[in-house]
Structure formats: structure tokens, C-alpha cells
Amino acid sequence: MKKILTLIVIGLTTNLFGQNVDFKSANFKDDKEGLKAATTAIDKGDEFYKVGMEAVFAVQDYGTNFKSALREYEKAQKFNPNNALINYKIGVCYANSTNPVACIDFIKKAQTLDPKCDPFLNFYLGYASQLESKYDDASKYYTTFETEYKKADNFMKFVNQRKKQCATAKKFEASAVRCWIDNVPSLNTDRDEIAPSISTDGSEMILSSNRPNSHDANALGVYDYEIYSSTLLENWSTPTKLNGPINSNNDDISNCLSYDGTKMLLHRDAGGQTDIYESRLKGNEWSDPKILSMFISTDKNNERYASYNDDGWKIYFSRDNDVRETGSEVMFSGMQNKMKQDYMVATMLTGVNSKFNDGPIYIHIDGESMYIASEGHEGMGGYDIFVSKKVQGQWTTPVNMGYPINSPYDDFFFASTANGKFAYISSNRSGGKGGYDIYKVTFWGPEKKPISETEDYLLASIVMPVKDHTIEKSVEVKKKSLTVFKGITIDAISRKPVEAQIDITDNATGKVIETFTTNSATGKFIITLNSGKNYGIAVKATGYLFHSENFDIPTGADDNLVNKVIELKNIAIGSKIALRNIFFDVNKATLRPESNAEMERLVQLMKDVPRLKIEISGHTDNTGSATLNETLSQQRAEAVVAYLTQKGVAANRMVAKGYGSSKPIASNNSEDGKQQNRRTEFEIKGN
């Protein structure tokens, strides 16, 4: 009877804790060869596992060590699925992968089979609970581990960090920020999609992926990262590999697309050395990347995750640290001369780095916001995205952007549109297609004052249910007002793209504040302008008449988008062009100072084409007397001719003609039409 009771107790214990099966010959008498192969695989896996764990302790990149260990451990686990230690080690490998959610089942199974299988089991049980958002359970596991762990090493900093993350996550999830987070299916695969970088208008995206490509996969079945692009129409298009020699046989990871879309920072892993490169867009092709200055891309460290700053004088990036156990740190290097590209010795950025890995970095075009991904600071788990603000020339301590932007998983690579209303991140949170996926962040902006139930609240409740009637805290959307000026330059007759030079002038000062060239293959351009100014845009291309525009951006204006198709006319007899940046005093023929920049361009055109003969014509709308309008338009045309004559243009090359309101180019029934009709033009009469 006593023997039967003993067997019952053993049976109950087995059902409660499972039955751990050791890799011993006594357990596999009929398959000694299989046991030998399994133990050999475990020994091979342990070699990689040890190196990976050493890197974790040192806050260093563990490379492919856990992937290599996992491949061996899975062979052993297939042979013997009920060994606690092999399940535990597989769980640890997944915990240190791009697919951490897969660790949960293995860690829990290890606990069921043998809760004493490894001294670190409680630490990883805490991590598994953290991934499931069971923060109280996670904290208990971490505390148990802390109590039992007696070694005098530096691992307790990880335990303290995880416990703080659980408290932070509870706080943030209880007060979610006002935004939506949506997976972008068309961009993602079951592999990794990382490093989204978008144009300032949000219509073009650059990203990197290790999806299957034309290269051979490595021994682990993993393909190298290549750089792709996608275009936003109604939805994001399926990414296609960039044209040109920008991609290599190594890992090529995009870092930052310049604000005008003409150049890109990337990092490349070659032979275990990672450095930062720059590629430039020439027509439809991206150039062969050039490694950056030795002061940025050193041969002693690994550098990655670079970002241009708003004025183009500095580059911010992340550099690993082999000396201290603090992981990678945010650095910056500035140029002394843009033409020479002479970067100075890189300096660590004070106030933004943590005791863990910091980077990627993204500097918003407003120049006042830096977005940093970090494993440290006040995080929720894994990498979180933080924002630092520039105050009196110094970057402030990074602040967590909150839930649901951040999660217990890795959330990084923040890229924002110019107006700050949308952003894109990369995350390996659960629910994606696999590995890292690209997600879209849509900010709601400041909350409306609630009456009883606001429309925003009701809409939010459908997408992300809340437990009470409190309004979620708002995320600060960028306050600095910017206008995105984009478009294409084309031939007015053939409608084909034209490569052209564009000068942006502050009409109040007459100073050219920006000069750039449109894309030779597409004619595209994009730039952002600050509010509170009147701008002149002068477009010049070889063999074409120059084109000009002007517009005001009022102080405090909301973020705008100006999209222009600029038609350039070749220098042929009969071609006409409106001089949009010539201004007169009201009801007078006195040229205003704001006209000087436009007039000087006209002077230069006449000097560049000495055989050119033109008619300067003045035009008005139909307001007032026709006779007075003709007189005023004639006087204004003569004022332009007089200016050109004073600048050395021969009088016999020009004729002044006032047409009054007789040649409208738009309806006079609206203010906009009248504005277009009030113009000064010139027409090619001889060449």
C-alpha cells in the first residue's frame, strides 16, 4: 500500500512539473547514435551561446552567435523535446533575436520541466512575462532572481533596469498617448524590415530588409540587408531595390535620407567592421557609397545609424564602445567647410546617452527635435524611442514618447514628416508579419475640450479600448511651422523633365538662402521653408528662359504643402514669361526694392544672350479706367526698360509696351484671377 501511495505522489509531481528528460544513455538505450548527434549539437551550440552571453554582459553586439547556437539547439530539441535546459537555452536565443515573442513558450516549458534548470531561469521568466505585459508577475520573477543571484558581477544593472521598465510600462499603458500605431502590410515580410526614412512630404520611403534577394543566403539561411524604396499613392507600394551600385554583397542599411532627397547616409558591415557611408542620387540611380571621414568612420570602432542635422553642417551617429560596458553612444561631428567636407573629430553628445545602447538617431528638419532609440533611460523594455529638445543650444535629457509608440519589445528608427503629424518606426512587437516590421504612427494632435463624449474619444475607443472616461494625454506635435515646397521642372512643350537650378530668395533682404538642382531624370525637387516670409523662387536651365514664382508664408501659419509643376520655355522667338517677382508701389510705376533680385536675373539673362531682343509688357486687371490702366502699364514697362538700360543693356534690344487689361490670362471675376492678370511680362522678339 505504501509503495502505491509513493507512485501516486510521483505521478502527481510529474504532472505538476512535467518530466525532465536528461540527455543520458539510460534514457535513449535504443538510439545511441541519435543521442551522440544531439549532445554534439549541444556542445557546438554552447560555444556560440557562451560568446553571445559574454556580449550581453558587456552590452556589446552579439552578432549571429545566438542564431548559430539556436540552429544547434533545435537539432537536440527535436531529438529530445522534454529537456528543461535545452528548452531554456532555446528560449534565451529567441529572447536575443528579432523574434523575441517566440521565447515565451520555451521559457515556460523549461520552468514546467525543471524550475531549477538554470540560475537565470527566473530572470528570463520575468522577461517572458514582461513581453506579455504581465508586469507584476515579471517584477516578482526579477525580485526572486535578484534574491537568489549571489555572483559579484555587474549583471544586477540589467535586473534593476528590467524592474524599472515594468513600473514605467504600467504607468505609460495606463495613460496612452493620442496616436494610432498601424502595421503597414505592403512594406513588410516575415523577415526584417528596418530603418524607414521618408521624404519631408511623406511621399517616398527608403528602408532596409533582409528578405530573399539575388544573393546567396548565409549558413544560417539569412540574406544580407539591401536598401529598398517605396512610393505612397493610396497605399505604400511594394518596396523595390534601389537602382545603381548602392547595394553590395554585405549588409547595407539605410540610416537617413536627406531632407531634399538627393543623398543618403547608410552603414555597411564588411568583414566585421561597420562604417558609415554616403550615396547621392544622380538621375534614377544611387551612386556607389563613399565612406565618410576617418573622424566619423574609424577603423577601431563600429559606427552606424547616422543622421543629417537640419542645416547640413553636422552628422550625428552611434559608435560602439569597447572600453566601457555602456554599449553604443551618440556622437556628432561637424564640418569646417561644406565644400571641403572636412569633418572634425567626433565628440560624444552630453546629456543624451545612457548606460546601455543608444541609437539610431533622427534629427527632425525643425532642428529642435532629436529622436533617439535607446535601451536605457526610462524605457518599457528593449529599445524605446525618446525625444530630446534643443534648448539654448543644448540637447535636453531624452523623454520617452510613451505607449503605444513604445512597447516591451524593440521600437526604434523614428522618421517623421515635416509637419510632425505622421511618423514611421520599426518594431518586433507581437502581431506583425515576423521579425521587425514597419509601423505608421498617426498623431491626433492636441485634445479637443470634451463636452461629454468627444468624437476623438469615440473613435479612439474603437481602435484602442479604454477603461474609463479620462482623455489620454496628448503627444506634443512639432510647433515650428514649416512649408514643404516640392514639384518638378519640365519642358513646357515636350513635357519632359528638365534638370534646372533653383534659387530661393528672401525677398525682404534680396539674399539667396538656398540653391539646389532638380533631378536630371525626373525633374523633382523638395525643400522646406520657414513661415513669416515672402519668398522668390527663380528657376534656371541651360537653353531655357528662367521662371520665377513668389508667395507669402504668414507667421504662425499651419504646416502647408506647395506642389508646383514648373514649365520652362526655351529661348525661342515668340516665347513669353511672366516676371512674378517684380513689384511696384500701389498705382505707381516705382519699382520696389523687393524687385531687385528678379531684375538682376533679367539683366544677367540679357548679358548671357547678347543677341536676345525682347518686349517688356505691362498688364493690369480690369479694375478702373481702361485709359488709366494702359497708361500705368506703359509706365511700368518703361520703368523696367529703364532699369535694364542703367545696368548696361542696350536700349535698342528692348521695347516697352503697356496693354492695360486687354490681354488677361485669367478671369477678372475673382481676386486670384485679378492677381494673375496684374503682371509684367517679356516676350522674345529676336534671338
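1. A polar contact is a pair of N or O atoms within 3.5 Å; within protein, one must be able to donate a hydrogen and the other to accept it, and residues adjacent in sequence count only if both atoms are side-chain atoms. The side chain of Asn519 reaches the backbone nitrogen of Ala521 at 2.8 Å.

2. This is a predicted model, in which local features need pLDDT of at least 70 and side-chain atom pairs count only at pLDDT 80 or more, while totals for chains, interfaces and linings use all residues. Residues are numbered from 1 along each chain as its sequence is written, and side-chain values use heavy atoms, with hydrogens and water left out.

3. Asn519 sits in the loop between β25 (511-517) and β26 (524-530), strands being DSSP runs of E with at least two residues, numbered from the N terminus. Asn519 is buried, at a relative accessible area of 11% (buried means under 20%, with a 1.4 Å probe and protein chains only). Leaving aside residues up to four places away in sequence, Asn519 touches Leu281, Gly283, Glu499 and Lys524 (contact means heavy atoms within 4.5 Å).

4. The largest cavity has a volume of about 90 Å³, where a cavity is a set of points on a 1 Å grid over the protein atoms alone at which a 1.4 Å probe fits but cannot get out, and lining residues have an atom within 4 Å of a point. Strands β2 (193-198), β15 (358-363) and β20 (411-416) each supply at least two residues of this lining.

5. The second largest cavity has a volume of about 50 Å³, and its lining includes Ile198, Tyr259 and His364.

Methods
On a 1 Å grid over the protein atoms alone, a cavity is a set of points where a 1.4 Å probe fits but cannot get out, and a pocket is an open set with protein on both sides within 12 Å along at least five of seven lines; lining residues have an atom within 4 Å of a point. Grid points are joined across faces, edges and corners, and a volume is the space filled by probe spheres set on the points. Helices (H or I, at least four residues) and strands (E, at least two) are DSSP runs, numbered from the N terminus. Buried means under 20% relative accessible area, exposed over 50%, partly exposed in between (1.4 Å probe, protein chains only).
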